[in-house]
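Biologist: Could you walk me through this model while I have it on screen?

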Amino acid sequence: MNNKTGKILKSVGGFFHVETLDGMLLCTARGVFRLKGITPVAGDDVIVEIIDNSPVITDVSERKNYIVRPPLANIDAAIIVISTVEPAPNRLILDKLIAIFESKGIEPIPLFTKIDKKEDDELYRIYEKSGFKVFSISNESGEGVDKLHKFLLGTQDAFSADSLPDRLSDTVCDSPRKKTCVLVGNTGVGKSSTLNSLFPELTLETAEISKKLGRGKHTTRQVELYRLDSMSSPVYIADTPGFSTVEAAKYGKLASSDVGMCFREFIPFLDKCRFSGCRHTKEDGCAVIMAKERGDITESRFESYVRIYEEARTEEKNYKKR
């Protein structure tokens, strides 16, 4: 029996493209996965056996995380792509995605595109202050592309924890070298264009914004991991299908009790409220609210927290009534 270890880079029509030390294999998967309710997906680390001269996935290693839409496993960093102009940035959706990825142990990295069309850098400053690595680029002029390229390939750390406030320095992860990254964002924000700017050899299909419909055309139809060879070790990056605003929740759900921990700038204050069980929305003696009033927490991030918390509470109440 000839066993091989590998990583799934793409699945199409029941066949899986698995990268192994011996090259790429086009595999099927054992029927036992369907009986167990498991579907191998891109990002999975798998065992492949040669059975009757055909490569077959016989085992899937335990996943450290998983998102349902798009189906992808073992993600280290999620680069959340936000257009600064069209489609207009939606701070609530951005904060929802950040919170969902935080809950799964995935480092969220906001990336603002089309900066050549908007001079105001308010959004950049909000998320930088909140303790995130933040990038901004123009795929037309090339501004910011080199910095992001070096960061992704691990040839240069773009940020240092020393540049952040002490209370946030331990929340910043290392450069995603030796890791798997995924680009996510609304339709039309420029995910495929960004990857083409960073790595022209990928030649991904892109589409212009549809002026008539006010949204972009879907160009990415499936999830595929692209291997990028850096100086030290491979980095994998995935483009994903765009989504509409109402679809953001498909990346995952949050319990109301967990929302506060998914806002990293809240964490130093969560246990300092006057009363235990504080919801951090409008209570007297709330340390989070006081931090917001001092300017340690930005107004828009606090407003997003309240919205996300209340939505989670409402969903939980409705579920109990069923």
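**Two loop residues and the overall picture**

Biologist: Where does Asp52 sit?

Modeller: Asp52 is in the loop between β4 (45-51) and β5 (54-60); helices (H or I, at least four residues) and strands (E, at least two) are DSSP runs, numbered from the N terminus. Residues are numbered from 1 along each chain as its sequence is written, and side-chain values use heavy atoms, without hydrogens or water. Please bear in mind that this is a predicted model, in which local features need pLDDT of at least 70 and side-chain atom pairs count only at pLDDT 80 or more, while totals for chains, interfaces and linings use all residues.

Biologist: OK, and is Asp52 buried or exposed?

Modeller: Asp52 counts as exposed, because its relative accessibility is 71%; buried means under 20% relative accessible area, exposed over 50%, and partly exposed in between (1.4 Å probe, protein chains only). The backbone of Asp52 also has a phi near 55°, which is a positive value in a residue other than glycine.

Biologist: Which way does phi go at Asn74, positive or negative?

Modeller: Asn74 has a positive phi of about 60° although it is not a glycine, and Asn74 lies in the loop between β7 (72-73) and β8. Asn74 counts as buried, because its relative accessible area is 7%.

Biologist: Stepping back, how many helices and strands are in the chain?

Modeller: The protein chain has seven helices and 15 strands, and of its 322 residues, 49% count as buried. Among contacts (heavy atoms within 4.5 Å) between residues at least 6 apart in sequence, 64% join residues at least 24 apart.

Biologist: Changing topic, which residues have the most contacts inside the largest nonpolar core?

Modeller: Those are Leu72, Ile80, Phe101 and Tyr127, in a core of 49 residues; a nonpolar core is a set of buried Ala, Val, Leu, Ile, Met, Phe, Trp, Tyr and Cys residues joined through side-chain atoms within 4.5 Å. Two or more residues come to this core from each of β8, α2, α3, β11 (180-184), β15 (234-239), α6 and α7, and α2 gives the most, with eight residues.

Biologist: What does Ile80 touch?

Modeller: Leaving out residues up to four places away in sequence, Ile80 touches Leu94, Leu97, Ile98, Phe101, Pro108, Ile109, Pro110, Leu111 and Val184. There is also a second, separate core of 22 residues, which includes Leu111, Leu153, Leu198 and Tyr226.

Biologist: Now the helices: why do you call α5 largely enclosed?

Modeller: Helix α5 (residues 191-198) has six of its eight residues buried, so it is largely enclosed by the rest of the structure. The buried residues of α5 are Lys191, Ser192, Thr194, Leu195, Asn196 and Leu198, and they pack against β8, β9 (107-113), α4 (145-153), β11 and β15.

Biologist: And α7, which of its residues are buried?

Modeller: In α7, the buried residues are Ser300, Arg301, Phe302, Ser304, Tyr305, Ile308, Tyr309 and Ala312, and they pack against α2, α3 (122-129) and α6 (287-294). The 23 residues of α7 (299-321) should span 33 Å at 1.5 Å a residue, which agrees with end C-alpha atoms that are 33 Å apart; the expected span is 1.5 Å times one less than the number of residues.

Biologist: Back to the strands, what is Thr113 in contact with?

Modeller: Thr113 is found in strand β9 and counts as buried, because its relative accessibility is 0%. Apart from neighbours within four places in sequence, Thr113 is in contact with Val81, Ile82, Ser83, Thr84, Ile137, Val189 and Thr194.

Biologist: How far apart are Met261 and Ser103?

Modeller: Met261 and Ser103 are 158 residues apart in sequence, yet 8.0 Å apart in space, C-alpha to C-alpha. Met261 is in the loop between β15 and α6, where Met261 touches Ile267 and Leu270, not counting residues up to four places away in sequence.

Biologist: Last one: which residues lie nearest the centre of the largest cavity?

Modeller: Of the 14 residues that line the largest cavity, Val81, Ile82, Asn90, Ile93 and Asn186 lie nearest its centre. The elements that give two or more residues to that lining are β8 (77-83) and α2 (91-103), and β8 gives the most, with four. A cavity here is a set of points on a 1 Å grid over the protein atoms alone where a 1.4 Å probe fits but cannot get out, and lining residues have an atom within 4 Å of a point.

Notes:
1 Å grid on protein atoms, 1.4 Å probe; cavity = no way out; pocket = protein on both sides within 12 Å on 5 of 7 lines; lining within 4 Å.
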